[in-house]
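I opened my notebook to work through a structure that is new to me. My plan is to look up one thing at a time and write down what I find.

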Amino acid sequence: MKRLRIVLAAAGLLGLAWAADGQQLYQQNCAGCHGQTAQGVPGAFPPLAKNPRVADEVYVLKVIREGLKGLLEVNGQQFNGAMPPIGQVSDADAKAIAAYLKGLAGGSAQAEPATPAPAPAPRPALAPTPDAAQAALGRAFFTGQKAFANGGVPCMACHSAGDLGPMGGGSLGKDLTDLYARLGEAGIQGVLSSIAFPVMREAYKGKVLTPEEIRALTAYFAEVAKEPARAAWVDSGRLLYAGIFGALALFGGMYLLWLNRRVSLAERIRRRRA
């Protein structure tokens, strides 16, 4: 009996330690989107605190391993986004995160009641008027006119946001013009403070953004959120015109080189005979 109590006590201590590790791992891998306290971001990232779904550890492990996308309802709020698999998390760390989230769930996985007429998901507040100097600094960081302190690549390499001129920004990632409307200030700062997206995580590995850079980028996103959304054909049109211009410049240069090429001896002889 005494041995059994010792074993149970050890298991309890191990569980507490595991939960503590899970909290740290959550902050490293999940808080960027779901918030420091797992409160979520209305309309963008579902809350994990008081979310009965995360009481199911098997469900959480599946989401960590396989990701999740599509319509999701949590506590009467609807979300429709996509979460990529978190491949950098080991099986042991994933279990620790699941154990930590289970403690935040506050209910069983089957306890979520069906809501016949869910209320529309609340949206983040409209973008406030940002500080002009901060927004200008954020634009400089976004476009690469000002380098990030730790050497991260400019956001424009993969994304566009607002009017960035005739060529716009990169098309590898999503257009971020409406980012502030989707995530709000807290969501953007959370994402940039703890990057969870695999491609971004690798791009900024060891090159974290400073709080000043995050504030400036947030101000820039708040500013461009006031601009009208740009149709998708605008980016396609820019690429088309850029391709046509590049082709004309290439063939024009080749033609000039051909006209000014050095005439060979054989060709000079042929011209004399002609």
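Which side chain does Lys102 meet in a salt bridge? I looked it up and found Glu57, at 3.5 Å from N to O. I note here that the model is predicted.

**Entry: the salt bridges**

I then asked where the two partners sit. Lys102 is in helix 4 (residues 91–105) and Glu57 is in helix 3 (residues 57–66), so this pair ties together parts that are 45 residues apart in sequence. I checked how open each one is. Lys102 is partly exposed, with a relative accessible area of 43%. Glu57 is also listed as partly exposed, at 28%.

How many salt bridges does the count come to? I found three.

I turned to the pair of Asp91 and Arg65. Their side chains meet in a salt bridge of 3.0 Å, N to O. Asp91 lies in helix 4 and Arg65 in helix 3, so this pair ties together parts 26 residues apart in sequence. I wrote down Asp91 as exposed, at 55% relative accessible area. Arg65 is partly exposed, at 32%.

Then I looked at Lys62 and Glu66. Their side chains meet in a salt bridge at 2.8 Å, N to O. Both residues lie in helix 3, four residues apart, which is about one turn of the helix. Lys62 has a relative accessible area of 47% and is partly exposed. Why does Glu66 count as exposed? Its relative accessible area is 53%, and the cut-off for exposed is over 50%.

**Entry: the whole chain**

I stepped back to take in the fold. The chain has ten helices and two strands. Read along the sequence, I get the pattern α-α-α-β-β-α-α-α-α-α-α-α. There are 274 residues in the chain, and 32% of them count as buried. I noted an accessible surface of about 16800 Å², with 63% of it belonging to carbon and sulfur atoms. I also looked at contacts between residues at least 6 apart in sequence. Of these, 65% join residues at least 24 apart.

**Entry: the cores**

Which residues touch the most other members of the largest nonpolar core? I found Phe142, Leu217 and Phe221, in a core of 28 residues. Helix 5 (132–143), helix 6 (179–193) and helix 8 (211–224) are the elements that give two or more residues to this core. Helix 8 gives the most, with seven residues.

Leaving out residues up to four places away in sequence, Phe221 touches Phe142, Ala161, Leu176, Leu179, Tyr180 and Ile188. Another core lies apart from the one I had been tracing. That other core has 19 residues, among them Ala55, Ile97, Leu101 and Ala105.

**Entry: a buried alanine**

Is Ala31 buried or exposed? I found it buried, with a relative accessible area of 0%. Ala31 lies in helix 2 (residues 31–34). I set aside neighbours within four places in sequence and found Ala31 in contact with Tyr26 and Gln36. I also looked along the chain. Ala31 and Val191 are 160 residues apart in sequence, yet 7.8 Å apart in space, C-alpha to C-alpha.

Which residues make the nonpolar surface patch of about 470 Å²? My list reads Leu240, Tyr241, Ile244 and Leu248. I followed up Leu240, whose place is in helix 9 (residues 232–259). Leu240 counts as exposed, at 53% relative accessibility.

**Entry: two backbone angles**

Last, I looked up phi for two loop residues. Phi of Lys50 is near 55°, a positive value in a residue other than glycine. Lys50 sits in the loop between helix 2 and helix 3. At 66% relative accessibility, Lys50 counts as exposed.

Where does Asn75 lie? I placed it in the loop between strand 1 (68–74) and strand 2 (77–83). Phi of Asn75 is near 50°, again a positive value in a residue other than glycine. Asn75 is partly exposed, at 43% relative accessibility.

Terms used
Residues numbered from 1 in each chain as written. Predicted model: local features only at pLDDT ≥ 70, side-chain atom pairs only at ≥ 80, totals over all residues. Heavy atoms only, no water. Buried < 20%, exposed > 50% of the residue type's maximum accessible area, 1.4 Å probe, protein only. Contact = heavy atoms within 4.5 Å. Core = buried A, V, L, I, M, F, W, Y, C linked by side-chain atoms within 4.5 Å. Patch = residues over 30% accessible without salt bridge, like charges linked within 9 Å, V, L, I, M, F, W, Y side chains within 5 Å. Areas by Shrake-Rupley, 256 points an atom, 1.4 Å probe, with all protein chains shown as cover. Salt bridge = Lys/Arg side-chain N within 4 Å of Asp/Glu carboxyl O.
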